Amino acid sequence: MKRCALVSREGAKARRGFLVSLSPIYHLLSAARSALGSREAAKAPRGSLVSLSPICYFLSAFRSRRLPAAGYRNFLNPISYLLTPARLGLLALTVLAATGWGQSTIVGWDFNGLSNYGSSPQAPGTTAANVTATGLARSGLGTGGTAASNAWGGTGNGSASFTVKANTGYTLSLTQISAYNVRRSSSGATTGQWAYSLDGSAFVNIGSAIAWGNVTSGTGGNPQTDISLSGISALQNLSSTTTVTFRVTLTGASSGSGTWYLNNLSTAGDDFVVTGTVTAAATAPSTQATSFTSSSVTSSFLS
Ligand SMILES: [Ca+2]
């Protein structure tokens with residue numbers, strides 16, 4: 001409010017500066033010009049600071065009748081305010097960043113049509129360009145009895161794993177395990193713990209253990225939420241020499257014949273997906289100057 005009061009006292013200046021008041025560059029230039037001769041020079045820096053606050057102007061508008069009506073209406077028009085090119089650009093960047101801009105499927109599986117628990121390894125149907133992945137593999141899980149259709153899994157307790165890595169010349173950053181679906185029988189594994197490893201033997205848990213839910217039918221199943229990987233620094237900017245192993249350890253089965261599956265979310269499309277980004281790795285320059293003197297650079301710019 002103190003800032004608003006300052007603006008209000010400068011009502012006459014606000015009339016002229018209102019439309020351009022959101023431009024810090026303008027104010028910096030104005031302050032410089034004023035310093036050369038204007039008796040208002042002392043006020044310019046202060047005005048430039050408070051002028052950057054839209055809320056300040058909004059409140060000041062109600063207290064000062066000297067603001068130009070046209071500018072006042074224009075300022076209060078949220079569409080006009082938001083759709084200036086600069087703000088539109090910032091808004092777009094904000095939205096893109098919040099939605100994981102640039103991420104795409106690194107590896108994905110479509111479980112539609114699978115029978116007999118699927119293969120081990122079950123090759124992914126989708127693998128990003130410049131990425132190598134190995135299929136979903138069972139460890140300790142059985143495959144007895146009659147399996148559900150359109151699902152990949154096994155019986156009893158054990159684990160399932162797969163790997164991803166960037167190809168030579170590329171860098172891999174992982175964003176998330178996208179929302180997926182699990183079904184289980186009443187005696188199947190109740191709980192799972194995701195983990196990753198960079199050497200295939202030492203695993204680090206990703207989040208806490210997950211209670212899978214109790215839905216035993218494939219229709220609906222037990223929806224699981226996204227598992228974010230973007231905050232795990234060990235899974236970012238990986239070169240082709242690092243293979244990431246993902247593993248989910250399944251426990252709580254009350255019977256060796258109890259079943260657990262990654263479930264078909266929809267007929268078409270991948271049902272279990274890891275997203276991320278693949279970029280060309282930075283390469284060292286093939287030639288490089290052996291010496292470089294600052295005096296030559298200085299003289300070039302000054303001449
Ligand atoms: Ca599917």
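Strands β8 and β9 form a hairpin with five residues between them, and within this turn G200 adopts a positive phi of about 85 degrees. Helices (H or I, at least four residues) and strands (E, at least two) are DSSP runs numbered from the N terminus, and two strands count as paired if DSSP finds at least two bridges between them. The structure is a predicted model, in which local features need pLDDT of at least 70, side-chain atom pairs count only at pLDDT 80 or more, and totals for chains, interfaces and linings use all residues. Residues are numbered from 1 along each chain as its sequence is written.

As a reminder, strands of a sheet pair through backbone hydrogen bonds, either parallel or antiparallel.

Elsewhere, five strands make up an open sheet with antiparallel pairing, and their order is β2-β1-β15-β6-β12. Its edges are β2 (126-127) and β12 (227-228), each of which pairs on one side only. The link between β6 (residues 170-177) and β12 is antiparallel and consists of two bridges; I177 of this pair has I227 in β12 as its bridge partner.

Turning to the chain overall, the secondary structure comprises nine helices and 15 strands. Of the 303 residues, 30% are buried, a residue being buried if 20 or more other C-beta atoms lie within 10 Å of its own, exposed if 12 or fewer, and partly exposed in between, with C-beta atoms placed from the backbone. Contacts are defined by C-beta atoms, placed from the backbone, that lie within 7 Å. Among contacts between residues at least 6 apart in sequence, 73% join residues at least 24 apart.

The largest nonpolar core contains 40 residues, and V131, W152, V164 and L262 have the most contacts inside it. Such a core is a set of buried Ala, Val, Leu, Ile, Met, Phe, Trp, Tyr and Cys residues joined through C-beta atoms within 7 Å. Leaving aside residues up to four places away in sequence, V131 touches I106, V107, V164, A166, N167, L172 and V278.

Methods: Two residues are in contact if their C-beta atoms, placed from the backbone, lie within 7 Å.
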